[in-house]
Amino acid sequence: MSDSQPRPFIATTPGVVLACLASCFLWGSAFPCVKIGYELFAIDAADVPSILVFAGTRFVIAGLMVAVGMSVAQRRAFVPERRDLPYVGALAVFQTILQYLLFYVGLANCAGVTSSILEASNSFLCVLLAALAFRFESLTGRKVLGCVVGFAGVVLVNVAGEGGGFNFTLAGEGMVLASTVAAATSSNLAKLFSRDHDPVLLSGWQFVLGGAVLLAAGLALGGHMAPADAANPLPALILLAYLGFISAGAYSLWSLALAANPVSRVAVFGFMNPVFGVLLSAVLLGETNVVSPAIAVAALSLVSVGIVIVNRTGSGDSS
């Protein structure tokens, strides 16, 4: 970006903070909303094929929301050109297909506290891959410190809430950890591809493609999905639409933020996801005994300090 050109708002500190916090709030709300969705569609948490149908449907809806919304906003068909298709496919593999297939299989075989902590390692991996594999920026001590402090907040809010304990099995925690590698890779690919392609277009259509693959896989394995209350399906359908909006809105904002900022500056905000998840679960599910207010405040403070530490170096990093 030339110094003579004004920076877009999302590349400024207020802009990246607003975009990333909005994304994390939406993703945090997905934790309780998915649980509510399982109830409204009568899906057992161990029924992986039906969960894949549910997730695939959600992501197809998310992608179509982006495509239709942008088509209306731009008054033209918001569809990928031939040159975009390989990049849509690559993102779909890592962001949607691998990440969620591995995550849902692993989640069925591990504890919620462990999966939340492992999921938060995505932010660490994003920063490491950006520096060591993709060479977007340098790995500094301050970035590592910020990630450590933010990660401490995630560990605190999860371990304190569940009473501690951390186990590791290949079929459970191993799968969840592999899903975070896929997610971190997708974030860096989104940064790389945004140099020559519209990041919102890529994010929307990778959801359509990836969601279709998950949906097809779930159906092939015998999964199914229908509102539990056939006489009044509206609440279930509204929730499904909101879950689609979560993915469409959050990932589009996140992709725009990645395109305009160093990866580390954006990735560290990912530690807010489980914190928002715990707080919104308390509000929406009534899980007020999961974590004490004091622990929640301490965790939020640690995450916030970690974000500040990393972003103090943002102006000196390459984007």
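In what order do the elements of the protein run from the N terminus on? They run α-α-α-α-α-α-α-α-α-α-α, and the secondary structure comes to eleven helices and zero strands. Helices (H or I, at least four residues) and strands (E, at least two) are DSSP runs, numbered from the N terminus. This is a predicted model, in which local features need pLDDT of at least 70 and side-chain atom pairs count only at pLDDT 80 or more, while totals for chains, interfaces and linings use all residues. Residues are numbered from 1 along each chain as its sequence is written, and side-chain values use heavy atoms, with hydrogens and water left out.

**Whole protein**

- Of the 319 residues in the protein, 50% are buried (under 20% relative accessible area; exposed is over 50%, and partly exposed lies in between, with a 1.4 Å probe and protein chains only).
- The accessible surface comes to about 13,800 Å², and carbon and sulfur atoms account for 68% of that surface (Shrake-Rupley method with a 1.4 Å probe; for residues, only the protein chains shown count as cover).
- Among contacts (heavy atoms within 4.5 Å) between residues at least 6 apart in sequence, 88% join residues at least 24 apart.

- Buried residues of H3 include Val 88, Leu 91, Ala 92, Gln 95, Thr 96, Gln 99, Leu 102 and Phe 103.
- Ile 97 belongs to H3, which covers residues 85-107, and counts as buried because its relative accessibility is 17%.
- Leaving aside neighbours within four places in sequence, Ile 97 is in contact with Ala 92, Gly 210, Val 213 and Leu 214.
- Ile 97 and Gly 210 are 113 residues apart along the chain, yet their C-alpha atoms are separated by 5.3 Å.

**Ser 179 in helix H6**

- Ser 179 is found in H6 (residues 170-193) and is buried, with a relative accessible area of 1%.
- The side chain of Ser 179 reaches the backbone oxygen of Val 176 at 2.6 Å.
- Not counting residues up to four places away in sequence, Ser 179 touches Gln 99, Leu 102, Phe 103 and Glu 119; of these partners, Gln 99, Leu 102 and Phe 103 are buried residues of H3.

**Leu 240 in helix H8**

- Leu 240 lies in H8 (residues 234-260) and counts as buried at 6% relative accessibility.
- Beyond four places in sequence, Leu 240 touches Phe 41, Phe 54, Thr 57, Arg 58, Ile 61 and Met 225.

**Cysteines**

- A search of the whole structure finds zero disulfides (pairs of cysteine sulfur atoms within 2.5 Å).
- Cys 24 is in no disulfide, and the nearest cysteine sulfur, that of Cys 20, is 6.4 Å away; Cys 24 is buried at 0% relative accessibility.
- Cys 147 is in no disulfide either, the nearest cysteine sulfur being that of Cys 126, 9.3 Å away; Cys 147 is buried at 2% relative accessibility.

Note on methods: A polar contact is a pair of N or O atoms within 3.5 Å; within protein, one must be able to donate a hydrogen and the other to accept it, and residues adjacent in sequence count only if both atoms are side-chain atoms.
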